[in-house]
There are 4 protein chains.
Amino acid sequence: MSFKSGRHFLQIPGPTNVPDRVLHAIGHPTIDHRGPDFHKLSEEVLLGSRRIFKTSGPVIIFPTSGTGAWEAGLINSLSPGDKVLMFETGHFATLWCTMARKFGIEVDFVPTNWRHGADPQIVEEKLKADTEKTIKSVNIVHNETSTGVTSRIAEIRQAIDNAGHPALLMVDTISSLGSVDYRHEEWGVDVTVGCSQKGLMLPPGLGFNAVSEKALEASKHNGFNRHFWDWNDMLKANANYWYPSTPATNLLFGLREAIQMLEEEGLDNVFVRHARFAEATRRAVRTWGLEILCEEPKEYSPVLTTVMMPGDKGADAFRKVVLNAFDMSLGSGLGKVADKVFRIGHLGDLNDLTLLGTLAGVEMGLELAGVAHEKGGVQAAMSYLSDKAK
Amino acid sequence: MSFKSGRHFLQIPGPTNVPDRVLHAIGHPTIDHRGPDFHKLSEEVLLGSRRIFKTSGPVIIFPTSGTGAWEAGLINSLSPGDKVLMFETGHFATLWCTMARKFGIEVDFVPTNWRHGADPQIVEEKLKADTEKTIKSVNIVHNETSTGVTSRIAEIRQAIDNAGHPALLMVDTISSLGSVDYRHEEWGVDVTVGCSQKGLMLPPGLGFNAVSEKALEASKHNGFNRHFWDWNDMLKANANYWYPSTPATNLLFGLREAIQMLEEEGLDNVFVRHARFAEATRRAVRTWGLEILCEEPKEYSPVLTTVMMPGDKGADAFRKVVLNAFDMSLGSGLGKVADKVFRIGHLGDLNDLTLLGTLAGVEMGLELAGVAHEKGGVQAAMSYLSDKAK
Amino acid sequence: MSFKSGRHFLQIPGPTNVPDRVLHAIGHPTIDHRGPDFHKLSEEVLLGSRRIFKTSGPVIIFPTSGTGAWEAGLINSLSPGDKVLMFETGHFATLWCTMARKFGIEVDFVPTNWRHGADPQIVEEKLKADTEKTIKSVNIVHNETSTGVTSRIAEIRQAIDNAGHPALLMVDTISSLGSVDYRHEEWGVDVTVGCSQKGLMLPPGLGFNAVSEKALEASKHNGFNRHFWDWNDMLKANANYWYPSTPATNLLFGLREAIQMLEEEGLDNVFVRHARFAEATRRAVRTWGLEILCEEPKEYSPVLTTVMMPGDKGADAFRKVVLNAFDMSLGSGLGKVADKVFRIGHLGDLNDLTLLGTLAGVEMGLELAGVAHEKGGVQAAMSYLSDKAK
Amino acid sequence: MSFKSGRHFLQIPGPTNVPDRVLHAIGHPTIDHRGPDFHKLSEEVLLGSRRIFKTSGPVIIFPTSGTGAWEAGLINSLSPGDKVLMFETGHFATLWCTMARKFGIEVDFVPTNWRHGADPQIVEEKLKADTEKTIKSVNIVHNETSTGVTSRIAEIRQAIDNAGHPALLMVDTISSLGSVDYRHEEWGVDVTVGCSQKGLMLPPGLGFNAVSEKALEASKHNGFNRHFWDWNDMLKANANYWYPSTPATNLLFGLREAIQMLEEEGLDNVFVRHARFAEATRRAVRTWGLEILCEEPKEYSPVLTTVMMPGDKGADAFRKVVLNAFDMSLGSGLGKVADKVFRIGHLGDLNDLTLLGTLAGVEMGLELAGVAHEKGGVQAAMSYLSDKAK
């Protein structure tokens, strides 16, 4: 790569900027994954991950992507022909639904306009109507990375309870984990799916499943052939902090460091910080006179803000201008909002000044690309952030 | 970790020592996997991998372990109920067989004493006898990491051809790729399974499938549900150097560097170097009066040597002595040779002097552990290596 | 260190942010400084440094700081009792003068108000008046790091020539080299003093002397005892790319990489970039209603901007607010402007968005610290930068 | 650099192999050397260095090489015309003497055959004879890096005391510090000179002076002009953990880590380890039938062994064979033993197996280069090391 001065602004909603401490940890020489040093590492990451997911039960770590972790969640806890309730909250919910259907799972896929999260009331209604208890699982994407809408998991749990329905609750926290308040155990989630390259500030390559007793029980009688993804083989080995096949050792070095960093800052402080970045970003967007894709304030995502491109200008052309002029990557619109929106990632390892540099890049990019807008977005964000810093 | 002076000797048959150049490459900040820099990286690793597998066809890279790559190979090219021919060459062949059976594949698992490779003559006989052509695939582990026996793939190809049988040939090169001569295309292999943490000198976390046209064709009509492992989704995205789900970007940085390093040294030189290390090791073992597990000289592994533990001493106790006294990890016996053998890894990023340090650690360990042996093994290895250096 | 999210903004006028490529280069294992790999490294850095100083003559590299390089410059080319002409352009010029006096050199130290550079007209007058040619050297700080004022070296050269005076011209480019146009040979400079931690984007630890034939000749007859700093011993060894004592090998790895990066970007582009950052910064400062220390526009520094603190607020208290609230280091006032000014570094490895994050930190800091100012500084900088990006 | 498999064996007596932990520490982004994080770092390294030198008094750290630290020691504590007693123990003692003479210091340079250390009896005699107390300093190289001879500092201290002479004791510990038992305070040393790239396992670039009260007192009335090297300026700044000029921040990060590592292993264990390596090496050398340069067993160096080249073969040709065939750097003969000896470094970050790899490289190199020798050196070293490991 030829030299561009300064650091690239990687302001997509994941992968996020990997902090130097994590990069250094990953750069440690690989060790014997059957030796004593690995054993200690393994204990630290398996137990540490529980604290991040907020569960006292097992968290399984696969060398895979978030997509793999989705697949593991589905095929361990469900069976071919099972019925699940999902919400079309955006591109990733759609992909998860597509995956489930490939495995012969029947999905009741509730449509949305991609500007709202999963509706707890619909969950309650659907489950109450399911008097035969044929719905085996309610699958929700906590934070829709394609739209910047965060579904309300605690309310969905309440909805399931209100319906007195035995369905499992399965949640994708791929872009929320480590950035947005999340409580696997307290919220009675059965399967939480996560990955490494978002709030955990790691490179991609690790996928997670936090599993409840109920999900584990389901996995023992379910109908999918599987080997690599099998929870039970994994948990048997994990009981002694080993793995049934070779783990991604160097990413686990990074995970240990990332957990340490999140706990140094304090998870609650991390959540507050992300909320602050999100509010500052929305104030900028509104000042520019642009529209935020998410329509429901209580569902605003703390980790990314999706902005609707005004007029006829394509969002991708705009993003390209920003990349070329200011060396900043913004997220593209995906699926049915392709080229119609751009996404500003504000998660992971960043601070107020990085965020303001980011918003400045967007504001200047609007100018350069000839997109109609009001100036003052950065100024509005600064006012908010300096107030918060008092 | 508390400080032990000097570098750990990681002399297991993988993961291998990751060179600094690769560690540095992996430590590069993660980039947008939908941006132009990634696109270039992706092209380089997808095309570079073909040169390592020696194929002009596609090589698929999954963020996974070797076990995942096994699974991908099986469920893309076979169907439930298919019959395959495999050889019980050791622990890993057994695991692969177990996996296949979990997926409802019927395995004709030819037993061996774990001291020989897959027998080409048996392949020919079995296939000739299969007049109904019910055998869909012949699956061979090229280098049995648990025994140090290398099967003769070119001869097995010949056997299949002699039988005039249409079965696929599927080969596990997990511990041979990048260390032992291997020719996916020339040898008419249909599916080659590989991974990152052996001869490629990377940390674990990448799995590979090199696939032939015939295998691809089979994948289009086969009977397994799949999503994450699906070759066709992957190849459709790879055609433009993209991926259907998030790739393990930082390991791909490392892969680019590792391919570069293998090509700087020259693959043929790499193979000669490994053969030299193996012969030096065997000379040491014989001088010690110990027995090599592999009984067939033309099947000696260039990448590891498995040594039978004499007397009543357990091999694991011996390995522990070596680890504690000399900070060197040796491979343990696995499966039915557990505690009966130890394995000396001599693959990846090492040189003559590292190998001699390794053999010295074994020889001194035998002394310390009270294992009956003759001295002079290191001396014998030195004589061989200095001759070769002339 | 406990974790603060995001990267620290190191916006002091050096040490500057060291790019990852340089940090990685420095992290290479140390090599034998008498072996062939070192020999090649040494050739590359010794010749590459000439291109950065723009000279065809020797550049000497010491393992030292800029202070050490000052000392080397003085004691190689001058003798005790020699008279030199210097200008009190700020804190660093004062320190250099103090050093010279410690060595028994007589300094005619022309005072300024610390808001101007060295005056070429005074140089000409002083030299013309020195009919006895007792002045042996004119010593100028190219970029006064304490004030943000850049002296005009080409004009000073002209002044010396106008006076027809044989004095040496000695220039401190500690904070200008690699950021501001500088031409050792074309401008007839005899000794150029530089260091690693500013525009060269390296950690501190290397000091440089570029020397002319005339300076070398002077060094052969001068009167200071010396050994470590001796140019002639160094050049004798450097002729074959060796060193008389152990060089700082790992920093030289970094230097090789830094030269490569500067040449990838193109030195002229680097200078334009710094000038752009400086103008954007001044526009922000003026919008805030604050005063720039430098009074002479043609002497504005491209690498830092020194801002006068209005009212009674101490500049150091302000800097502390910024550090605590926004994790950004700004430069303090030094010497007689201590606590009266703060310095914004905008040199080395940064880009437009980093600069805007920096300016946002200053503007929010003014707000937080209760310093009277007008808002809109960042906005003004953005307008300028987006115009420039068109 | 093109790829050679395996790690280079850097078995010169410094620079030594820099451990990954130190390289990682050095790769940390440079920080503001006037900010709070630096302040803490500075305190840690200034106080930690005292524990390594074993003194409760100040240790001064310069960004320089060992040569610079020599110069600082001389010109702070002595005056032009002063008389000092030194011993020609080898090349480095000769260089130090040459340096002193350049500064107008009169050296009584006691000759040796380069096979012995400084003789305490001669010290006593010379000092007793110096009834006028004209000798201001006794300067000893603790470990002569060019010969592998270690002078007995405690006995020299005793000799000075026996003579009742007020001379300062100045000791060069460049290649002994952190590898060989050394006690600045207990042994009443006035100036100890050290550097980073030997037992401290750092890259070159730091020089040290540990100074006694008596030396400090001398520095206040001595006759050399100086600035950069001035102890008093440094100590004034160091009192608050600051520096008078820019310190080599990144090497200080490394120093902090190195001190931590030495203390994790335990300094006494470090010394025992080096003594073990040295004895193993000598056993190998004797088995080869080669002669060790050092004639006095109680002066054998724990950090390197210098071997006399038998017959007409040049030692440099032999070293070249070893470098080309086995990628190992050995130390060359310096000064009057150039090409007549080679030096095996066995200091810093290495373990038994690395040492045996090293000795194997030497033994094979002797074979390859056609140097007459007996085989079995490595075997002899192994016998010793396995005994020690019991």
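What follows is a short chat about the sheet and the domains.

Q: Before we start, what kind of model is this?
A: It's a predicted model, where local features need pLDDT of at least 70, side-chain atom pairs count only at pLDDT 80 or more, and totals for chains, interfaces and linings use all residues. Residues are numbered from 1 along each chain as its sequence is written, while chains are lettered from A and ligands numbered from 1 in the order in which they are written.

Q: OK, what's the strand order in the open sheet?
A: The 7 strands go β2-β10-β9-β8-β5-β3-β4 in chain A, with mixed pairing. Strands are DSSP runs of E, at least two residues, and helices are runs of H or I, at least four, numbered from the N terminus; two strands pair if DSSP finds at least two bridges between them.

Q: How do β9 and β10 of chain A run?
A: Antiparallel, with 5 bridges joining β9 (residues 191-195) to β10 (residues 206-211) in chain A. A:C195 has A:G207 in β10(A) as its bridge partner.

Q: Switching topic: what are the domains of chain A?
A: Domain 1 is 9-16 + 266-389 and domain 2 is 20-263, with bounds from an automatic or database domain assignment. Their centres, taken over C-alpha atoms, are 27 Å apart.
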